[in-house]
Amino acid sequence: MVSRVIPVEPFDLIIFGGTGDLARRKILPGLFQRFRAGQIPAGSRIIGVARNDMTAAQYRKFVNTALDEFAGNVPAGKEVRAGFKQCLEFVTLDVADAKAWRKLTTLLNKNANAIRAYYLSVKPDLFAPIAQQLAAAKVVQPTCRIVIEKPLGRDLASAQALNSALATVFDETQIYRIDHYLGKETVQNLMVLRFANALLEPVWNARHIDHVQITVAETVGIGDRGGYYDRSGALRDMVQNHLMQLLCLTAMEPPVRLEADFIRDEKLKVIRALDPVALNETVRGQYRADSVEGSYHDHAGDAASNTESFIALKAHISNWRWSGVPFYLRTGKRLRARLSEIAVTFKDPPHSIFPKTVSYGANSLIIRLQPDEGITQHMIIKEPGLGGLRLVDVPLDMSFATSLNGVEIAEAYERLIMDVIRGDQTLFMRGDEVEAAWDWTDRIRAQWREAGGKSQLYDPGTSGPDDALALMHRDGRSWRPLESQP
Ligand code: NDP
Ligand code: BG6
C-alpha cells in the first residue's frame, strides 16, 4: 500500500512570516515532503516574506537548517534538497509599510497566471492589513487563495470583525482557515468509517449510544508560549477549534456529497444544536510544578493567573439523533500521556440472558488520532476454557500503519497545503462555523466570569483535577484511562 501523489499545477506560495516558528517547524518541512514525493511541479515558487534583511541565497540556507532540524529524519538525497531550494525566494518586507510592497508585487507579476496562495503565518493583527495591502497592490485575482490559522479571533466579536475584513478582499471560496486537526489521518477516516460502513450508521444515534468521550491530552506544558497561552486558555486554544471539529465530525448528519460546503453545512448544524453548557458541567484546572518543571503560574509568568491549562465539560446536542447523549470533552497540558481519541460507548443490550453473577462491560469504539492512529472495537466474548461462563472484553485493534503495510502517515500540513493549491476547501473551516463555535464557547466564559470560580490545581502526570473525574462519576460513568493502549 503506498500513498498516491495527485499532481497539481505549478503555483506560487507566499509565506508571510517565512522565517517564523510555524514556517520552520511545519510549513517548510511539509512542503519539502511534498517536493520529495514529486508533487511540487517545476516552475513553482515558495516565497518567504519577513522584515529580516536576507537575500534569497541566505533564505535557502536558513530553510536548509530548518529542514535539518525538523525534517532531518526524512530520507532524501542531496539533489532533492538542492531541487527544493531552487523553488525558494525571499523578499524583505515590513507588511505595515505600504511603500515597501513594490519588490514583492514585481516578483509576483512575473508569474501572473500561476495559482497563487498567500499563507499568513504572522500574528493575527496583521491578517486584515495584509489583505488590504494585497488588494491595493492589485495582486488578488479570483484564482488567488489566502490561508490563515488560529487564533481566528478571541471571541465572537473579533472573529466577526476578522471575517468581515477578509470579505472586503477575498470571496469565502478563496479563504482557507486551517485547523490542523482536520488534516490528521484519523480525522478524515472518521467520515469514511461512519459513511462507508453500513454496519455503523444504523447504531450511530441516541438509541444505541450511551455517551461519547473526546480527549486531547498532552504531556507538554505551555513552555515558552506563556504570553499567548495565558490570554487564551484551553477553552479558546483547543475546545473552540480542535475538539469542536472532532465533535462535529462525530455527530454530524451524512452530507449530501463529499464536497466542502455540504460537509460544512452539516458541521454548522451540530454547533448550532449545542445547548449552552451549565456552569457545574465545566471543570477548569491548572498544573502544579513537579521536580522537572515549574507550575502553570511559573510558565505564564503571572502568579495570579486563573487561565485554565485543563478543561473538561459535558456537552449536549439538542437534535433528533443525539437527544440525551452526553458528549464529554477534555483537554489539558502536562497530563499523564499524549493521547487524542474519540471513544464511543454503546448502550447495554436491552435484555441480558446471562446470570447476574456474570459481569461484562459495554461495547465501545475507540477512534485514535495519536499516537498510533487507528480504530479499536471492543467486543464482549466468552473467555475460552472450561470452568463456567466468563465474559471478557476483547479489543479488535486496527492500527493504520500496521494494518496497511506500514504506509507512511503524512503530516497534517502536507495535506492541507496541497489542498489549498488544489482549491479543495473540504478540510478547512468556513467563517460561519468559526463564529458559531465562538458563540458557544463565549457563553461558557461568560458564566465563568459571572461565577468567579477558580481553576482547580492538578499534579503533572495525572489525568487532571479531581473534579473532572467527579463530572463523569456522578453520571455513573468514568473517563477512559489516559494510556496509549487499546
Ligand atoms: P513567529 O513570531 O515565530 O513568527 C512571525 C513571523 O512573522 C516571522 O517570520 C517575522 O519575521 C514575521 N513578521 C512579523 N512582523 C512582520 C511584519 N510587520 N512584516 C513582515 N513580516 C513580519 O510566529 P509563529 O510562526 O509562531 O506564528 C505565526 C502565526 O501562526 C501566528 O498567528 C500564530 O498564532 C499561528 N500559529 C502558530 C503555531 C506554531 O506552532 N508556531 C501553531 C498554530 C498557529 P520578522 O520579525 O523578521 O519580520
Ligand atoms: C495547537 C495548540 O493548536 O495544537 C497547542 O495551540 C497544542 O496548544 C497543539 O499543543 C496540539 O497539536 P497536536 O497536533 O500536537 O495535537
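Keep in mind that this is a predicted model. Let's start with what lies over the buried residues of α6: the cover includes α5 (127-136), β5 (144-149), β6 (175-178) and α14 (431-451). The buried residues themselves are Leu-156, Ala-159, Leu-162, Asn-163, Ala-165 and Leu-166. An α-helix has 3.6 residues a turn, so residues three or four places apart point the same way. As for its dimensions, α6 runs over residues 156-167, 12 residues in total. From first C-alpha to last it reaches 16 Å, close to the 16 Å expected at 1.5 Å a residue.

Now over to α1 (residues 21-36), and how it packs with two other helices.

| Helix pair | Angle | Axis separation |
|---|---|---|
| α1 and α13 (residues 412-422) | about 70° | 8 Å |
| α1 and α2 (residues 56-70) | about 95° | 9 Å |

Because of its angle of about 95° with α2, α1 counts as roughly perpendicular to that helix. On the α1 side, Arg-24, Arg-25, Leu-28, Pro-29 and Phe-32 make the contact, and α2 brings Tyr-59, Phe-62, Val-63, Ala-66, Leu-67, Glu-69 and Phe-70. Sorted by class, the contact of α1 with α2 has nine nonpolar residues, three charged and no polar ones.

α1 and α13 are roughly perpendicular to each other too. Here Leu-22, Lys-26, Ile-27, Gly-30, Leu-31, Gln-33 and Arg-34 of α1 meet Tyr-413, Glu-414, Ile-417 and Met-418 of α13. That contact has six nonpolar, two polar and three charged residues.

Conventions:
Residues are numbered from 1 along each chain as its sequence is written. Chains are lettered from A and ligands numbered from 1 in the order in which they are written. This is a predicted model: local features need pLDDT of at least 70, side-chain atom pairs count only at pLDDT 80 or more; totals for chains, interfaces and linings use all residues. Side-chain values use heavy atoms; hydrogens and water are left out. Helices (H or I, at least four residues) and strands (E, at least two) are DSSP runs, numbered from the N terminus. The expected span of a helix is 1.5 Å times one less than its number of residues. Buried means under 20% relative accessible area, exposed over 50%, partly exposed in between (1.4 Å probe, protein chains only). Contact means heavy atoms within 4.5 Å. Axes are lines fitted to C-alpha atoms, for helices over the stretch in contact, and angles run from 0 to 180 degrees between N-to-C directions. Angles under 35 degrees count as roughly parallel, over 145 as roughly antiparallel, 65 to 115 as roughly perpendicular and the rest as oblique. Ala, Val, Leu, Ile, Met, Phe, Trp, Tyr, Cys and Pro count as nonpolar, Asp, Glu, Lys and Arg as charged, and the others, Gly among them, as polar.
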